[in-house]
Amino acid sequence: MIIITILSVILLAAADQGLKALAVSKLAEGQSVTVLSAGDTDILTFSLYKNTGAAFSSLQGKIPLLIIITVVLMALLVAGLVKYKPKAKFPLICMIMILGGGIGNLIDRALLGYVVDFIILFPFKFIFNFADICVVIGAILLLIYFIFFDKQEDEKPAENVSEENSQHE
């Protein structure tokens, strides 16, 4: 299972890097290309932007700090994977998404000094990339899993243990 996990993380990071390379090769910085629209509304637009910050352009120009934060968060996530070895596939998939996206953006920061953003999706007014999608969706789904589902799985074995104890009495 560990090999599949590692390969999945690498695949997501590689997909992110490939999409960014495609965006850089096809778009000039600041150029916008509407890919999908409905009437006067642009649904999906590609526009190249070099982001020297984090989400919503926070921490602009603090690339070394962002690299350190990303490495620490990725290390904590890997440590959590190793220590807790998720039994359910869903949280594992979420963690793979977060790691793949985090590594994709880490590569940009380390090699380029900025992150390549190129996707604008209606109704959002900000620009992002595939790695951001992986991190955000993975984190939201993981949070939902831990809030609503993880506790239910923990309670099931406890119920079975109490039933077995009552049968032996």
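**Briefing: a chain of four helices and three strands**

Read from the N terminus, the elements of the chain follow the order α-β-β-α-α-β-α. The model is predicted, and its chain contains four helices and three strands. Of its 169 residues, 30% are classed as buried.

**Chain as a whole**

- The accessible surface of the chain amounts to about 10800 Å². Carbon and sulfur atoms contribute 70% of that surface.
- Among contacts in the chain with a separation of 6 or more, 60% are between residues 24 or more positions apart.

- Three strands make up an open sheet, ordered β1-β2-β3, with antiparallel pairing. The edge strands are β1 (32-38) and β3, each of which pairs on one side only. On average, neighbouring strands of this sheet are turned by 15° against each other, with direction ignored.
- In general, strands of a sheet pair through backbone hydrogen bonds, in either a parallel or an antiparallel manner.
- Strand β2 (residues 41-51) pairs with β3 in the antiparallel sense, over six bridges. Within this part of the sheet, Leu-44 stands opposite Leu-121 of β3.
- Strand β3 (residues 115-121) is largely enclosed by the rest of the structure, because five of its seven residues are buried. The cut-off that applies here is a relative accessible area under 20%.
- Helix α1 (residues 2-26) lies across β2 and β3. The helix runs at about 85° to β3.

**Helix α2**

- Helix α2 comprises 22 residues (63-84) and reaches 31 Å from its first C-alpha to its last. This span is close to the 32 Å expected at 1.5 Å a residue.
- The buried residues of α2 are Ile-63, Leu-66, Thr-70, Met-74, Leu-77, Gly-80 and Leu-81. They lie on the same side of α2, because they cover an arc of only 120° around the axis.
- On the other side of α2, the residues Pro-64, Ile-68, Leu-76, Val-82 and Lys-83 are exposed.
- The cover over the buried residues of α2 includes helix α3 (89-112).
- Lys-85 follows α2 and has a positive phi, near 35°.

**Helix α3**

- Helix α3 has 24 residues, and the distance from its first C-alpha to its last is 34 Å. The value is close to the 34 Å expected at 1.5 Å a residue.

- Leaving aside residues up to four places away in sequence, Cys-94 touches Gly-138, Leu-141 and Leu-142.
- Cys-94 and Leu-142 are 48 residues apart along the chain, and their C-alpha atoms are separated by 5.7 Å.

Conventions:
Residues numbered from 1 in each chain as written. Predicted model: local features only at pLDDT ≥ 70, side-chain atom pairs only at ≥ 80, totals over all residues. Heavy atoms only, no water. Buried < 20%, exposed > 50% of the residue type's maximum accessible area, 1.4 Å probe, protein only. Helix = DSSP H or I, 4+ residues; strand = E, 2+ residues; numbered from the N terminus. Pairing = 2+ DSSP bridges. Axes fitted to C-alpha atoms, helices over the stretch in contact; angles between N-to-C directions. Contact = heavy atoms within 4.5 Å. Areas by Shrake-Rupley, 256 points an atom, 1.4 Å probe, with all protein chains shown as cover. Expected span 1.5 Å × (residues − 1). Arc of directions from axis to C-beta.
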